[in-house]
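The following note sets out several points for a colleague who is reviewing this model.

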Amino acid sequence: MAAKTQPSSSSSLVLIMSLFLLLLSLIVPSSVLSATLRSDIQALESIIRSVDPSSISPSSYLSTWDFSEDPCEGAGTFLGVMCSFPLENTTSRVIEIDLDDDGYDGFLSDEVGNLTELTVLSLNKNRFRGPVPETVFQLRKLTKLSLAENFFTGDISPEITRLKELKTIDLSTNSIAGEIPPRISALRSLTHLILSNNHLDGRIPALNGLWKLQVLELGNNHLYGMLPKLPPSLRTLSLCFNSLAGRISPLHRLKQLVSLDVSQNRFSGTVGHEILTFPEISRINVSFNQFISIEVIKVTGSRLRMLDAEGNHLQGHLPLNLATYENLKDINLRSNMFSGDIPRIYGKRMENSWRSLYLENNYLSGTLPEEFQKISKQIRGNLSNNCLQCPKNVQICQGTQKPKSQCTNAMLGSLE
């Protein structure tokens, strides 16, 4: 009868180790040390494939996108890409793409829409062209969409209103056309809406629903019509170089404004004192419109530093109360219909605090306040093409003056 063979000690050790590894695999998930989600990697690969390789310089962010490594692992790899930190049993996700302005030339890949955890997409100051992919509007967690200074075309899709978390939209300096989507005010988290320097047309929709909006820049487009309802939270408003018309009285309720630019439009009527006396206002540009009057009341504590009302139809005497704006430095009232003397208080301000005063192309007459002869060469200004007695040794008395009869007739006309 054959004797039973005993298992060797080495065989027992192998069996024990196998059982231990099996048990370990049941307790510790294999994905604890997981890398970036594969679809995110594929999206990044598609983005770089859509860029002309010759526009990727050795010092640029995109030159660091080496897919032999994981995009979300290690330090200094994949510049311009930020990832989330994975929790147990999860993969890393791409949450920000913020490229440098190296002049990348190409298109934005449709696959960017697969980066569903993306919160920031910033491609400013490059040469991306073509329409903004509709897939961008699948990025429901996006808080910042900044594509400024590129060559994007097409229109602003109404689908943008699906991005409820957006705080910043900057599509400025592209070739985007069409209308501003009427329902854009559904983006209640917006603080910055910057669409200037495009080919937008139509009317500006009511935006008062954007109750957090602080910056609205729509300048250099083809917008027309009256001012819409605007949110009182605005601090910066730029509507310059459009074809907007009517009164600017709707602006009276924007009491938090710091900077206002409605220049190069067709606004008419009066620039009300409410605008000049906003508690935070620093810069006002109402130049090249059709305003006939400006209300300047006496104030204390104003923060206004710059007033530009050039190229309107402002008439009557120069406003005395400008001298009460203690922080005012730069005044431009050229090319209007002001008549009469230059107030002596203007001379005192020129001597002490004003840095520039442009009054040319009006109908001013009489002698200059004596302080004008004491102003330093650092003062900028011009008094030409009026009917002033302007000594040649005074720095800002440059150019010729009109015949006195023209100014007399203008003054009589303003009194009628």
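This is a predicted model: local features need pLDDT of at least 70, side-chain atom pairs count only at pLDDT 80 or more; totals for chains, interfaces and linings use all residues.

1. Asparagine 385 is partly exposed, because its relative accessibility is 28%, a value that falls between the 20% limit for buried and the 50% limit for exposed. Asparagine 385 is not a glycine, yet its phi is positive, at about 60°. It sits in the loop that joins strand S26 (380-382) and strand S27 (387-389). For context, most residues other than glycine have a negative phi.

2. Lysine 125 also calls for comment on its backbone: this residue, although not a glycine, has a positive phi of about 60°. Its place is the loop between strand S4 (120-122) and strand S5 (127-131). With a relative accessible area of 46%, lysine 125 counts as partly exposed.

3. Which residues have the most contacts inside the largest nonpolar core? They are Ile97, Leu121, Val136, Leu237, Leu251, Ile342 and Leu383, in a core of 103 residues. The elements that give two or more residues to this core are H2, S1, S2, strand S17 (266-271), helix H3 (273-276), strand S19 (290-294) and helix H4 (344-352). Of these, H2 gives the most, with four residues.

4. Leucine 383 may be examined individually. When neighbours within four places in sequence are set aside, leucine 383 is in contact with Ile342, Leu359, Glu360, Leu368, Phe372, Leu388, Cys390, Ile396, Cys397 and Gln401. Ile342 is, like Leu383, listed among the core residues with the most contacts.

5. Helix H2 covers residues 38-49, and its geometry can be checked directly. The buried residues of H2 are Asp40, Ile41, Ala43, Leu44, Glu45, Ser46, Ile47 and Ile48. Strand S1 (81-83) and strand S2 (94-98) are included in what covers them.

6. How many residues line the largest pocket, and which lie closest to its centre? The pocket has a volume of about 180 Å³. Its lining comprises 12 residues, of which Cys72, Met82, Cys83, Ser84 and Phe85 are the closest to the centre.

Methods
Residues are numbered from 1 along each chain as its sequence is written. Side-chain values use heavy atoms; hydrogens and water are left out. On a 1 Å grid over the protein atoms alone, a cavity is a set of points where a 1.4 Å probe fits but cannot get out, and a pocket is an open set with protein on both sides within 12 Å along at least five of seven lines; lining residues have an atom within 4 Å of a point. Grid points are joined across faces, edges and corners, and a volume is the space filled by probe spheres set on the points. The expected span of a helix is 1.5 Å times one less than its number of residues. Buried means under 20% relative accessible area, exposed over 50%, partly exposed in between (1.4 Å probe, protein chains only). Contact means heavy atoms within 4.5 Å. A nonpolar core is a set of buried Ala, Val, Leu, Ile, Met, Phe, Trp, Tyr and Cys residues joined through side-chain atoms within 4.5 Å.
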